[in-house]
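Thank you all for coming; I would like to walk you through one model this morning, starting with a detail and then widening the view. Please have a look at it first.

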Amino acid sequence: MDKDLKNLAEKIRTKEELIFFLEEIAKKKLKLEKEEISKLEKKLRSLPEIKLEIAFSPDDNFINKISWWLEKALGQKIILDIIVNPKVVAGAIIEYQGNWRDFSLAKKIDQLFASKTN
Amino acid sequence: MVFNLTEQNIFFIIFFILAVLIIGVCISILRILRKEKRGAFRSTKLQPQPYSANELFLRASESFKKQLEELVKEEIRKNIGNLKNDFQKTSEEIIKNYQSQFESGNQEIQKVISELSRQATEEAKKVSGALSEKLTQKFSEIYQSVEKTLNNKVAGTEKEIESYKKERFEAIDRKIYQLLGEVAKKTIGKTIDLSNHEKLVIEALEKAKKEIF
């Protein structure tokens, strides 16, 4: 298999990048490489995914930072599914392997309002 | 029997009748004069004519004149009466003839009028049918055109409303986020810039690490 392709696969951080990569290899699929590419595809598809709902559009550095942080924290490569939602206000809503947590500032504000009104 | 009496013919008839009457009167006068002459000739032949006899003759001539005049008048009256009757008869016949002609002409006119009326009705029906068809077609075209225009207008208006709604919602959202930012500032005691956002996300991930990773 092409070394560049493998290096590129190593650099995948987000779900968008993964989809783009899979589409690209689907276009370049050759008969000789078919088996190896299928293996890579299978491997990439099996990577754990973490959904992050945040209030701002992250830049490249911040995506690298999170990706590295998560890889270190979980001990394996993670695919980031980042959703930009201003209603979150700040912080993040995180979903990982069926577990969901709301660490957003919007929730804190809601709680504050609730406590003030009660 | 058909009479085609023109004015000329009527004049001719009247003239003819008058001429006959005048001739008749003249003939009567001549007859009377002859009788008188014969009588006078006989008396002069048989007896000598004295002056008194001539006077009688003159007297007789006066009465004769009167008789003659009366006779002529009577004859004229009779002839005028006859003429009147004839004229009346002829006039009646002419009137009758004209009346019958007028009636037949009237009937013809009635026939023609009724025929024309029938034809006009048929033509009117045909024209009305064609007109009605054209009107229906035109109405349908206008209706379709109006419907199309209205649909386009409605679609345009709906689009405008939709875009207005979107715009308004976006404006409301912006205000909400602005408000939330201000609230956040009051809640955490600082404004949220990009670095704060990043810090808060990392904080959230650290919390998640403890809870779900």
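Let me begin with a question: does A:Gln97 count as buried or exposed, and how many C-beta neighbours are there inside 10 Å? Before I answer, please keep in mind that this is a predicted model, in which local features need pLDDT of at least 70 and side-chain atom pairs count only at pLDDT 80 or more, while totals for chains, interfaces and linings use all residues. Residues are numbered from 1 along each chain as its sequence is written, and chains are lettered from A and ligands numbered from 1 in the order in which they are written.

The answer is that A:Gln97, with 9 C-beta neighbours inside 10 Å, counts as exposed. By the convention used here, a residue is buried if 20 or more other C-beta atoms lie within 10 Å of its own, exposed if 12 or fewer, and partly exposed in between, with C-beta atoms placed from the backbone. A:Gln97 is located in the loop between β3 and β4 (99-104) of chain A, and its phi is positive, about 45°, although A:Gln97 is not a glycine. As background, most residues other than glycine have a negative phi.

A:Val89 also has a positive phi, near 70°, and is likewise a residue other than glycine. This residue sits in the loop between β2 and β3 (91-96) of chain A, and A:Val89 is buried, having 24 other C-beta atoms within 10 Å.

Now to the chain as a whole. Chain A has five helices and four strands, where helices (H or I, at least four residues) and strands (E, at least two) are DSSP runs numbered from the N terminus. Their order from the N terminus is α-α-α-β-α-β-β-β-α. Of the 118 residues of chain A, 23% count as buried.

Within that order, strand β1 (residues 49-54) and strand β2 (residues 79-84) of chain A pair in the parallel sense over six bridges, pairing being assigned if DSSP finds at least two bridges between two strands. In this pairing, A:Glu49 stands opposite A:Ile79.

Finally, the interface: 22 residues of chain A are in contact with 21 residues of chain B, contact meaning that the C-beta atoms of two residues, placed from the backbone, lie within 7 Å. On the chain A side, the elements giving two or more residues are α4, β3, β4 and α5 (105-117), and the largest share, five residues, comes from α4(A).
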